[in-house]
Amino acid sequence: MLNRFYRQLLIGSAILGVTSFALTSNRADRRLVAQALPPSQTLNNQSLSPMGQNDPMFKITKVSQLQDVASTDWYYEALRSLVERYGCIVGYPNQTYRGDRALTRWEFAAGLNTCLNTIERLLQENVAVLREDIDKLKRLVQEFQVELAPLGARVDNLESRVSFLEDHQFSTTATLRGEVIFGVADTFGEQARNGNLPSSDGKQTETVFQNRLRLNLETSFTGKDFLRTRLQAGNGGGSNSFNVASPTGTNMTRLAYDAGVDNQVRVSQLFYRTSAGPVTLLVGATGVGLDTVLDPINPLLDSGATGALSRLQLQNNIVYLGPGNTGAAVTISNDFINFTVTYLNGEAESSREGAGLFNGDYSTGAQLSFNIKNTFQIAATYVHSYQEGSPVFGGGSSPNTEFPFGNHPTSAERFGLQANFRLFPFLSLNAWGGYAKVRDENKIFDEQDVWSWNASIALVDVLREGSLLWVSGGLPPKASSEESTSHIIETGFRILINNNIAITPGGYVILNPNHDDRNEPIYVGVIRTTFLF
């Protein structure tokens, strides 16, 4: 197994060497970009940006090309630095950015004024601000004092407040962010079958009220690095979720935000990333999956907190839900192209024979993506995986597809193509396709092909700014041994109450659950409330 890993590693290294010479040294706004002090997060300014992560607790912005303020001027770089750290510029009121449009000095001053107000508010909330940024603000205010005068900008008391915070805060390098989900859900219709057997002896699900809490402690030591420690608790995982172990009898009904048992608190994510020029390195100790280091290219829906309601609509399950927990990724990028190679292991902490960092369940692969003016994104992804005893496709399909060879050791070659097209500021189209060749490492069963596809259409700012209405659907991962075909159709409407609270009613239906046409459709209704702070 160790030799197999090294062969995959050599292949990834060769691809990296061929590709890296074509990339320039500018940074892209990608999921691996480091940030010193991420801006105060709201639901409004995250609704159009990816988590990770379509991560609603993480946001990066940039300054566009200027007209009569040259990019070589010192104050251009100073403002850009402030914007990237504090999120001062997030776009126009209609949620567009207009990155191909020139800015005037007045607009530049307006962005500076926003930074001043943001930093003053952060200081009032006892959030750390770097002293070097206060110095930049003073110089910028002097340079643009004529333009700032009508805006009523002020920097009084900033230095004294910084000094007070440095003397009294527990840390001048860390911030704390939170996310809470309250979800009410139920299923309707006949139960699915597990193979050929009715599940749960005809039992019906009950209406559930479940929650998930995430606290992110985000730290920067140099201004170009980022350390995340995430604490998570919830009560919607295990036998409480709508999965094959519950009365639904299928993992296709799982909710996007199900996690945790009995609200036990655990460290669910711990990683560190740092950048030098166009290269970003991420090293993760726990909670790092393929969807953390590879972009799902589903910017509006790939968050269980503010996006899709079902697990199958978050991302391409064939590609992004392979084994992972601990590992590393290297990204080389500029404003147009992004290339990532990664190795993740699911049993790195185990000292038992057959496990460890370079054995056990693992994934290794690469992604090449292109971003054209934040309007069109496309990515090609390849992942090789090996695993024993865990679902091959992340617990989001039928039992026969998730375990095509039972508990036999299984390897898979996974290929995915994802695209997102922002046709208009208010309209987004998304699609993906996935294919995998799955092999029984015991060589008892024949190879199987697994396919999946999905498409969605989303409308932004429907009736209210920050809202999101979507319809999506597709084919859950299906192995060639399956005789019938399931489909999932979902719709939801995220309603923004204010910048930190959103309510999302919606639902989805599974047709022919578990890829078995003897099963009646299962309907899932959800009302999800999300709080960000």
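Is lysine 443 buried or exposed? Select Lys443 to find out: its relative accessibility is 72%, over the 50% cut-off, so lysine 443 counts as exposed. Keep in mind on this tour that the model is predicted.

**Stop 1: around Lys443**

Lysine 443 sits in the loop that runs between β13 (427–440) and β14. Check its backbone while you are there: phi is near 60°, a positive value in a residue other than glycine. Most residues other than glycine have a negative phi.

**Stop 2: Ile297, a buried counterpart**

Now go to isoleucine 297, in the loop between α8 and α9 (317–320). Phi is positive here too, at about 55°, although isoleucine 297 is not a glycine. With 1% relative accessibility, isoleucine 297 counts as buried.

**Stop 3: the whole chain**

Zoom out and colour by secondary structure. The protein chain has 10 helices and 18 strands. Of its 533 residues, 54% count as buried. Take the contacts between residues at least 6 apart in sequence: 69% of them join residues at least 24 apart.

**Stop 4: helix α4**

Select residues 105–124, which form helix α4. What distance separates its end C-alpha atoms? They are 29 Å apart, which agrees with the 28 Å that 20 residues should span at 1.5 Å a residue. Next, show the side chains: the buried residues of α4 include Phe108, Leu112, Cys115, Ile119 and Leu123. Glu120 and Asn113 are also buried.

**Stop 5: two nonpolar cores**

For the largest nonpolar core, which has 24 residues, start by selecting Ala185, Leu255, Leu468, Tyr508 and Val526, the residues with the most contacts inside it. Two or more residues of this core come from each of β1 (174–188), β14 (448–460), β15 (468–479), β17 (501–511) and β18 (522–532). Apart from this core lies another, of 21 residues, among them Phe271, Leu290, Ala329 and Ala436.

Return to alanine 185 and display what surrounds it. Leaving aside neighbours within four places in sequence, alanine 185 is in contact with Glu206, Thr207, Val208, Phe242, Leu255, Tyr257, Gly525 and Val526.

**Stop 6: His515**

Follow the chain to the loop between β17 and β18, where histidine 515 lies. At 3% relative accessibility, histidine 515 counts as buried. Which residues is histidine 515 in contact with, leaving aside its neighbours within four places in sequence? Select Met252, then Ser397, Ser398 and Thr401, then Leu475, Pro476, Pro477 and Lys478, and lastly Glu482, Ser484, Thr485 and Ser486.

**Stop 7: Val279 and Ile332**

Valine 279 lies in strand β7 (residues 279–286) and, at 33% relative accessibility, counts as partly exposed. Draw a C-alpha to C-alpha distance from valine 279 to isoleucine 332: the two are 4.7 Å apart in space and 53 residues apart in sequence.

**Stop 8: the second largest pocket**

Finish at the second largest pocket, with a volume of about 1,200 Å³. Of the 42 residues that line this pocket, select Arg214, Gly287, Asp291, Arg311 and Leu321, the closest to its centre. Then highlight β4 (208–219), β5 (225–234), β6 (266–276) and α8 (290–293), each of which supplies at least two residues of the lining.

How values were computed. Residues are numbered from 1 along each chain as its sequence is written. This is a predicted model: local features need pLDDT of at least 70, side-chain atom pairs count only at pLDDT 80 or more; totals for chains, interfaces and linings use all residues. Side-chain values use heavy atoms; hydrogens and water are left out. On a 1 Å grid over the protein atoms alone, a cavity is a set of points where a 1.4 Å probe fits but cannot get out, and a pocket is an open set with protein on both sides within 12 Å along at least five of seven lines; lining residues have an atom within 4 Å of a point. Grid points are joined across faces, edges and corners, and a volume is the space filled by probe spheres set on the points. Helices (H or I, at least four residues) and strands (E, at least two) are DSSP runs, numbered from the N terminus. The expected span of a helix is 1.5 Å times one less than its number of residues. Buried means under 20% relative accessible area, exposed over 50%, partly exposed in between (1.4 Å probe, protein chains only). A nonpolar core is a set of buried Ala, Val, Leu, Ile, Met, Phe, Trp, Tyr and Cys residues joined through side-chain atoms within 4.5 Å. Contact means heavy atoms within 4.5 Å.
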